[in-house]
Amino acid sequence: MVRINDNYLRLPESYLFSEVARRVAEFQKAHPGKEIIRMGIGDVTRPLCKAAIDAMHSAVDDEASASAFHGYGPEQGYAFLREKIALHDYSGRGIDIDADEIFIGDGAKSDLGNFTDILATDMTVAVTDPVYPVYVDTNVMAGRGGERIGEHHEGIIYLPVNKQNGYVPPLPDRRPDVIYLCSPNNPTGTALTRQQLKEWVDYARREGCLILFDSAYEAYIHTADVPHSIYEIEGAKEVAVEFRSFSKTAGFTGVRCGYTVVPRCLKGRAADGEEVSLNRLWNRRQSTKFNGASYISQRGAEAIYTEEGQRQTKETVEYYMENARIMREALSAAGYETAGGVDSPYIWLKTPGRMSSWDFFDFLLSTHGIVGTPGSGFGAEGEGYLRLTAFNTREATLKAMSLLLP
Ligand code: MLT
């Protein structure tokens, strides 16, 4: 029989959101008439903006014509999209990133999960606790987790973020090779200020670490002092890779498109001491294992950067952020302690009394038909919390909040 990758046996039985979906499906089967309000996985509900839809229709027409047909595209993404990103998301903000430092992918999750392919197997990673489970699970799969002890893997450095430290990850007491940071944060919904992020960039420069910076939720930032890109911090280009997604910015969760920025000046070290460009290695990895996001999705993403596209996507983001405001206010009026929801579509909710995350999940589902994501699924420090998303419709959001009022 074939040998398996034993590291998979060190993972929890199922991926967090699959487990939530399984429990919801089971509940629905047992209570077929019950209305379910989904505030669990961060999936959007609003249709794609007209600019993206029109561009994708026209891209479909291209595929129907012999002269405009596109087969395999460049593995790194089409120049038309890479150039728009460089212009709007970076040089427009005073950041010097070239199109060839941008790699188009099918979303941040895959690139975040795949990036460590080009890094040493025996390196040490640091993550916050709670954390987006993809960072931990993919490192465990790659053999970096070591033994699983309780909720933690002994090979991983966990940085607790909680109410006491204002959800700001503390610097580690031993040096990791790689640090995952997510701001605005999934799951806590909080965001790092310029000064807080600068401390991390300075630390990474001092200690020779690499930061994998997930800014999938940057479109939701409303606070002036919260950077949209890690490259707004001086010196970050030498220590950070940035992951972005059109999923939350423009509702592409089903269409699939995102991008990863690997600056040319970013270097790693080979076993013999040679300095190697991470941009070169990522390019090598992508050319071999990836055939590019589809032409149609990339045309849709390009349209986000037109004037109408910008206006239309902003409208949708504001719609969700109004949901977030309604939720924050209703939840605190109902006596709940919350974080997030100001620069992010996520609200991090303390469970009442000493109820566990999964007990509160079960209570909300069985009593009100509301689906959240148990905080403990994001890490031990998330126990006693539940994450709600503002991605539902206004009607469903208002209904859920009215059900939660005492
Ligand atoms: C979440 O709910 O945490 C996200 O939707 C998951 C993801 O983006 O993969």
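This is a predicted model: local features need pLDDT of at least 70, side-chain atom pairs count only at pLDDT 80 or more; totals for chains, interfaces and linings use all residues.
The largest pocket has a volume of about 640 Å³. Two cis peptide bonds are described below, one between Ser-183 and Pro-184 and one between Asn-186 and Pro-187.

**Ligand site**

- At Gly-42, a polar backbone atom is 2.6 Å from an oxygen atom of the ligand.
- Arg-387 places a polar side-chain atom 2.7 Å from an oxygen atom of the ligand.
- For Lys-248, the distance from a polar side-chain atom to an oxygen atom of the ligand is 2.9 Å.
- The ligand exposes 270 Å² when taken alone, and the protein buries 85% of that area.

**Largest pocket**

- The lining of the largest pocket consists of 24 residues.
- Nearest the centre of this pocket lie Gly-208, Leu-210, Lys-267, Gly-268 and Arg-269.
- Four elements each supply at least two lining residues: helix H6 (194-207), strand S11 (267-269), strand S12 (275-277) and helix H8 (278-289).
- Strand S11 provides the largest share of the lining, with three residues.
- The lining divides into 15 nonpolar, seven charged and two polar residues.

**Backbone features**

- Ser-183 and Pro-184 are joined by a cis peptide bond with an omega of about -10 degrees.
- Pro-184 sits in the loop that runs between strand S7 (178-182) and H6.
- A cis peptide bond also links Asn-186 to Pro-187, where omega is about 20 degrees.
- Pro-187 is likewise found in the loop between S7 and H6.
- Helix H6, at one end of the loop holding Pro-187, contributes at least two residues to the lining of the largest pocket.
- Tyr-167 is not a glycine, yet its phi is positive, at about 65 degrees.
- Tyr-167 lies in the loop between strand S6 (157-160) and S7.

Methods: Residues are numbered from 1 along each chain as its sequence is written. Side-chain values use heavy atoms; hydrogens and water are left out. On a 1 Å grid over the protein atoms alone, a cavity is a set of points where a 1.4 Å probe fits but cannot get out, and a pocket is an open set with protein on both sides within 12 Å along at least five of seven lines; lining residues have an atom within 4 Å of a point. Grid points are joined across faces, edges and corners, and a volume is the space filled by probe spheres set on the points. Ala, Val, Leu, Ile, Met, Phe, Trp, Tyr, Cys and Pro count as nonpolar, Asp, Glu, Lys and Arg as charged, and the others, Gly among them, as polar. A polar contact is a pair of N or O atoms within 3.5 Å; within protein, one must be able to donate a hydrogen and the other to accept it, and residues adjacent in sequence count only if both atoms are side-chain atoms. Accessible areas come from the Shrake-Rupley method with a 1.4 Å probe; for residues, only the protein chains shown count as cover.
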